[in-house]
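Morning, everyone. I have one structure to show, so please look at the screen.

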Amino acid sequence: MSLTAYRALTWMSGPLVRRYLKRRLETGKEDPNRHDERLGIPSETRPDGPLVWVHAASVGESLSMVTLIERLSRQRPGINILMTSGTVSSAQILKHRLPERVIHQFVPLDRVRWTRKFLDHWQPDFVLWVESEFWPALLSEVRARDIPAFLMNARISTKSMRGWKRIPWMIKPLLRTFELCMAQTERDADRLTILGAQNVVCPGNLKFAADPLPANSNALATMEEVICNRPRWIAFSTHQGEEEVIAGAHMLLKQNFPDLLTILVPRHPARGKEIGKTLVAKGMSISRRSLQQQLVAETDILLADTMGELGLFFRAADIAFVGGSLVPHGGQNPIEPARLGCAIIHGRHMHNFLAIEGELKAAGASVVVQSSNDIAKEVDLLLSNKALRQRRIAASRSVAQGKFSILDAVFAYLDPALNRLAPAQPIHVSRNARA
């Protein structure tokens, strides 16, 4: 199928796409109050003046851009910013994380008619497209209108590389939409070049340049008071198949630490009920945060099945297991706990973060585990040996602190294009590492 044929197919697919949207609405994957935005119908008025449109697919991609958007908003108040994403969870988190004057909308589904409505209304002067969600109808329309566009924090996985290489006639013109492609790693830069991108640079991964995750100070004080002096650790962003391993490690650790608290944060909070049943069946006492269940002395597992509270839990514990690394998902971002003072433990599947995994290992900041026994052994060692734990924490924080310069490198590429829209104002960039 050619790109032209794809666009033609989207013209004819209205009934099917509407049925697809209806199913998503019924399963809670769409916001019923903002359904029209997915059809390209805006729910906000376009403000006067130049407008930069930032698109990120989901939670992780969206959060990677928050620090950049905050700096852009402060440095160039004359520029309006539109942020789009495609998931309800990303919209919920961005509601509390974006600067006040930034507009959020759901991205329209990739049907020519709807993408044209969207672009006709917003008329962006500059597009920042995040990572690797390449929608043919939308991007080809951006290119047809000669809207300057940069690809930000680009990542091409091995699976995506194999897929795109089968359809070079599709990916090559899509990548030519972008005046500049900023890759996360040199490997991603090489893959983008092979697929047809013309101007590729590698300033680093913006996820590592983000400010520390926030935490409500009152909630943190309350948690510290309830937990008191109990030994604790956190397993964050876990995926299916990992919670049972974490539970096994907890039971082993309880032999030496009978009042141990394990904080378990699943990657997808909607799995909370299912995970809770599994843990209770193993004889564990749990407290589900989404249900506001009280955390008591007998609680084994604080099941943190909520959104947007990782900053709180990283501050409440200083040993962190990286989810998505015991299963072949590729791992979650280890810089977030490292920046907030956690010693890092992870499984062997860290291919989403190979470069940073290498840096953490070289600095003596992380340890690789494969089983409940391995995890229990490492957490036991860190809980028992404060000096070792502090050395690991210092090493992980040092690696994390070294990533702040990535944002400066990114803006060195952005500034010439932004200067065509509005002049910059001097700003002071804070580098506070821990609240």
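This is a predicted model: local features need pLDDT of at least 70, side-chain atom pairs count only at pLDDT 80 or more; totals for chains, interfaces and linings use all residues.

Totals for chains, interfaces and linings use all residues, and side-chain values use heavy atoms, with hydrogens and water left out.

First, the overall picture. The chain has 19 helices and 14 strands; these are DSSP runs, H or I of at least four residues for helices and E of at least two for strands, numbered from the N terminus. With 435 residues, a compact globule would have a radius of gyration near 22 Å, and the chain agrees with that at 23 Å. That radius is taken over C-alpha atoms, and the globule rule is 2.2 Å times the number of residues to the power 0.38. Along the principal axes, the C-alpha atoms fill a box of roughly 65 × 45 × 45 Å.

Of the 435 residues, 55% are buried, where buried means under 20% relative accessible area with a 1.4 Å probe, protein chains only. Contact means heavy atoms within 4.5 Å. Among contacts between residues at least 6 apart in sequence, 70% join residues at least 24 apart.

Now the helix, α4, residues 66-75. Is α4 enclosed or open? Eight of its 10 residues are buried, so α4 is largely enclosed by the rest of the structure. The buried set includes Val66, Leu68, Ile69 and Leu72, and also Arg71 and Gln75.

On to the threonines. Thr84 is in strand β2, residues 80-85, and is buried, with a relative accessible area of 0%. What does the side chain of Thr84 pair with? A polar contact of 2.8 Å joins the side chains of Thr84 and Trp53. A polar contact is a pair of N or O atoms within 3.5 Å; within protein, one must be able to donate a hydrogen and the other to accept it, and residues adjacent in sequence count only if both atoms are side-chain atoms. Beyond four places in sequence, Thr84 also touches residues including His55, His104 and Phe118.

Thr238 is in strand β8, residues 232-238. Thr238 is buried too, with a relative accessible area of 0%. Its side chain makes a polar contact with the side chain of Glu243, at 2.8 Å. Leaving aside neighbours within four places, the contacts of Thr238 include Leu264, Pro266, Arg271 and Gly323.

Notes: Residues are numbered from 1 along each chain as its sequence is written. Buried means under 20% relative accessible area, exposed over 50%, partly exposed in between (1.4 Å probe, protein chains only).
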